[in-house]
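Colleague: Hi! Could you walk me through this one? I have a few quick questions.

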Protein chains: 2
Amino acid sequence: LSDLARADCRYAISGHYQLPPAETLRRVGERAADADRDVYGTGATLNRFEHRVAEFLGKEAAVFMPSGTMAQQILLRIVADGTGNRAFAAHPTTHVVLHEQNGFAALHQMHFVPVGPADAPLTLAHVEVLRDPIATLLLELPQREIGATLPTWNELAAIVAYAKEHGWHLHLDGARLWECGPYYARPYAEIARLFDTVYVSFYKGLGGIAGAMLLGSRALIDEAKIWQRRQGGNLVSLYPYALSAEQAFDDRLDRMASYLDAAQRVAAALRRYPQVEVRSAPPPTNTFHAMIRGDRDALRQRAQKLALDHGIWAFKDLAPTVTPGVFKWEIYAGDATLALGEKRLTLALSTLFT
Amino acid sequence: LSDLARADCRYAISGHYQLPPAETLRRVGERAADADRDVYGTGATLNRFEHRVAEFLGKEAAVFMPSGTMAQQILLRIVADGTGNRAFAAHPTTHVVLHEQNGFAALHQMHFVPVGPADAPLTLAHVEVLRDPIATLLLELPQREIGATLPTWNELAAIVAYAKEHGWHLHLDGARLWECGPYYARPYAEIARLFDTVYVSFYKGLGGIAGAMLLGSRALIDEAKIWQRRQGGNLVSLYPYALSAEQAFDDRLDRMASYLDAAQRVAAALRRYPQVEVRSAPPPTNTFHAMIRGDRDALRQRAQKLALDHGIWAFKDLAPTVTPGVFKWEIYAGDATLALGEKRLTLALSTLFT
């Protein structure tokens, strides 16, 4: 329903444009004139795209999968089987534990070791107090659930050095890795090189239909393909996702700096309202959380009014937080944000918060 | 490579037409003007399609999944957890055991009990000698690996009655269920009603891009959705597969009788050659196996010649069998077979076998 209401609006504060399936498929098809059909993971177009992203991130090999849920569970399982240790450590808000119905345990008998506090970014100090023997340390960059925050490069390098010293497999949950580029101001391969393996998504920030890649050594990726078949993700053809993913990669990766700039402008505008607090201001990525004190129903009604009167979409609802009367609005600055313009942004925020 | 060569031919003996991705996506998009975007399994278009197939097969509920591998493992796991018994019985050639890298064991710790001989269809007599306690009996209709054979309706009913007496969960691997309609000459719901749960595919016979459905009671399907998320198949959007699946369902289900008729004509024509033996003649479904005695390389070269000289695609290669010098050709009579015509069929077979 949220999408239907959003689809009725010409403008939006957050995200990209959302087209109806017919239009998305038409556009993907139109640009894929020379693509061949992949069959069970093999096909020139698909394999070229995998190779291209592997090169771009400085990894030996890559495999396209339907979802990050599948890619990351598979990685954790391979390392667990290889080391005989089923424990992995990650921030308490990791997607693997919060959003996958405990597939890591139900399918892979993995054991989760939380590291660091649930409401703050991970630091070396948190990692240093880890006592459980673990096989994998999974780092998420940026840490989405706490406002897409990022450690400084030095803090990150220190965590990585500590992990290597302890012989842990270091895995990057890069669901939003593309969003880290402007903050670290380094080639993506330099970030990815810190890790043994990397997962990236093609729909969240890049706006493809769905799909993910797992990257690492050739031996590990070959093993991951076997698990992909086991898990039911070695589909007869993945081209609707893979073609859309590559087009999104071509179109949007270079816009990440503009998105960050737009996010910082929206964040600054929001901070003018006393009832709004922006987590980690200025936001290091183009995704951030605005914490809003107020009446949830009234805010929802104002967002509806904004949509009806001005064709500007803000949100369908806000998420509750641990603090009563404070609600969370996750803003992802994307194509829609770029197209909104200062004047409409000012109008929108004053409709919502004055 | 097989597809590329096939794509170069105007005609083919087996299968449907294979279009390049660009053209498939264009056609799917064109017919989906009113479709809405599904989000994590929820969307009017997707859920209407699930409901429609559930009604058609006389089941309470259905869930669309990326693959049958996923759907069937999930079903087996739910029954195992519910009964505390991890054993399931099936024909030795079941897809679950032959083609899924043992996901049933590696992910779900299931135990496989083979029933019946590997080279013959399952009968009541085979099931009656089962001694292991099992939770699920999985029947595949038709039994693909041994030539898409079918038990008679009475044999099937007897197996089903025996399974019910013993309190087993009865699951239908209906990857090619659509192909059974003409032989049983009963509504599909009457076949599906024999089983507690059913899996159907939308790409094999129907020619969609990919995708499957699991059908059963509402409680079981609700549980299956949780496992679908665990397994990484609850994608943010499934519409490229689901829309293509529904279009294929609309277009091709009514053609199954013509496909069977075409299969029987091809089988009869093949039997005129002494080196060709057709398994289960006349074939009960539009898929059948021709066992060909000859030199494999020479046959491959003749197929290439047929493609080059007449633009008719037969096969890229034949599969070896347990008998040296005898090779297997699996023929699926589909849209291409219908379009081939008697004259071209005669020419093709005489090029291959004279």
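Colleague: Is Met65(B) buried or exposed?

Modeller: Met65(B) counts as buried, because its relative accessibility is 0%. Keep in mind that this is a predicted model.

Colleague: Thanks! Which element does Met65(B) lie in?

Modeller: Met65(B) is part of strand E2 of chain B, which covers residues 61-65.

Colleague: And what does Met65(B) touch, not counting residues up to four places away in sequence?

Modeller: The list is Met70(B), Ala71(B), Ile74(B), Gly211(B), Ala212(B), Ala224(B) and Gln228(B).

Colleague: Switching to chain A, where does Thr351(A) sit?

Modeller: Thr351(A) belongs to helix H16 of chain A, residues 342-353. Thr351(A) is buried because its relative accessible area is 17%, and the cut-off for buried is under 20%.

Colleague: What does the side chain of Thr351(A) reach?

Modeller: It reaches the backbone oxygen of Leu347(A), at 2.7 Å.

Colleague: Leaving aside neighbours within four places in sequence, which residues is Thr351(A) in contact with?

Modeller: Thr351(A) is in contact with Arg302(A), Leu306(A) and His310(A).

Colleague: Now helix H12 of chain A. What is its reach from first C-alpha to last?

Modeller: Helix H12 (residues 239-252) of chain A reaches 19 Å with its 14 residues, close to the 20 Å expected at 1.5 Å a residue.

Colleague: How many residues of H12(A) are buried?

Modeller: 12 of the 14 are buried, so H12(A) is largely enclosed by the rest of the structure. Among them are Tyr239(A), Pro240(A), Glu246(A), Phe249(A) and Arg252(A).

Colleague: What about cysteines: how many disulfides are there over all chains?

Modeller: A search of the whole structure finds zero. Cys9(A) is buried at 14% relative accessible area, and Cys180(A) is buried at 0%.

Colleague: Last topic, the two chains. What rotation superposes chain B on chain A?

Modeller: A rotation of 180 degrees does it, with 0.0 Å of shift along the axis and an RMSD of 0.0 Å. That is the relation of a two-fold axis. The same surface serves both copies, as 100% of the contact residues of chain B recur in chain A.

Note on methods. Residues are numbered from 1 along each chain as its sequence is written. Chains are lettered from A and ligands numbered from 1 in the order in which they are written. This is a predicted model: local features need pLDDT of at least 70, side-chain atom pairs count only at pLDDT 80 or more; totals for chains, interfaces and linings use all residues. Side-chain values use heavy atoms; hydrogens and water are left out. Helices (H or I, at least four residues) and strands (E, at least two) are DSSP runs, numbered from the N terminus. Buried means under 20% relative accessible area, exposed over 50%, partly exposed in between (1.4 Å probe, protein chains only). A polar contact is a pair of N or O atoms within 3.5 Å; within protein, one must be able to donate a hydrogen and the other to accept it, and residues adjacent in sequence count only if both atoms are side-chain atoms. Contact means heavy atoms within 4.5 Å. The expected span of a helix is 1.5 Å times one less than its number of residues. A disulfide is a pair of cysteine sulfur atoms within 2.5 Å. Copies are superposed by least squares on the C-alpha atoms of residues with pLDDT of at least 70 in both.
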